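Please examine the sequence and the three-dimensional model shown here.

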Amino acid sequence: MNKHNTLPYKFLLFDLDDTLWNFKENSKAALADIFDQYNLKHYYPTFDDYFQRYEEHNQSLWRLYGTQQITKSFLHVERFLAPLRPFGILDTSLAGEMGTAYLNRCAEKTITMPHAIETLEYLRSQYELSIISNGFGEVQYTKLNRSGLSTYFSHVFLSETIGYHKPKPEFFDAVLHELGALKDDCLVIGDNYEVDIEGAMNSGMDQVYYMPYQQSFDKTMLSPSPTYIIHDLADLRVLLKC
Ligand SMILES: [Mg+2]
């Protein structure tokens, strides 16, 4: 094994949701549990019918949350209440209970992104690996532990603990300080352009933009352009010469 990396990195900083832990699939599996647990087939003939309606509401609520028109606690209740309201159900405490049950179920799901585990297995021998995530502490640790991902990381950096969210430079500064790392020694890997890629870019770190659902993509469409773009985590081995 080449002891000296060809690329000048020592620390790899991974986002968690939809970069290593498959949020999309795990969330759908958790909603299927909720569909069964709360007997929602009474209102929707199939899970897919329910899921489609839930997703419509969830996405528009996240847009409102993103522009600070609603609070997170409203989103938490409303995404479960809205699909039931046409059936005369107006029980906010029931919807809140469903919201909490969904989050707990979701964190216990263990689907990782394709080639995540095997790629980390290779990378761990040559790099120090950390998690950088905006998610909530309790939930993120459950995800890491249940999915078998936790064993690969020396540090787990959460916005909740640091007190700043990605893409704030303060978040990345705190990570560098804690690791005792220089920004040139770090490579950030994430699936969210504004949060992971621009955040790292503005803090002077190189970035890998992971785009699992867009297999062909013109890099020049993004401005500023990320240092690297990959569509499969296995490509990190090629990129990082492991
Ligand atoms: Mg993500």
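F14 stands opposite I131 in β2. The model is predicted: local features need pLDDT of at least 70 and side-chain atom pairs count only at pLDDT 80 or more, while totals for chains, interfaces and linings use all residues. Residues are numbered from 1 along each chain as its sequence is written.

The strands β1 and β2 pair in the parallel sense over four bridges; two strands pair if DSSP finds at least two bridges between them. Strands (E, at least two residues) and helices (H or I, at least four) are DSSP runs, numbered from the N terminus. Six strands form an open sheet with parallel pairing, in the order β3-β2-β1-β4-β5-β6. Because β3 (155-158) and β6 (228-230) stand at the edges, each with a single partner strand, one side of each is left without a neighbour in the sheet.

F14 is also among the residues with the most contacts inside the largest nonpolar core, which has 34 residues. Such a core is a set of buried Ala, Val, Leu, Ile, Met, Phe, Trp, Tyr and Cys residues joined through C-beta atoms within 7 Å; a residue is buried if 20 or more other C-beta atoms, placed from the backbone, lie within 10 Å of its own. The elements that each supply at least two residues of this core include β1 (11-14) and β2 (128-133). Apart from it lies another core, of 14 residues, among them L31, Y54, F80 and Y102.

Y54 belongs to α2, where Y54, H57, N58, L61 and Y65 meet K72, L75, E78 and R79 in α3. Here, two residues are in contact if their C-beta atoms, placed from the backbone, lie within 7 Å.

Conventions. A residue is buried if 20 or more other C-beta atoms lie within 10 Å of its own, exposed if 12 or fewer, and partly exposed in between; C-beta atoms are placed from the backbone.
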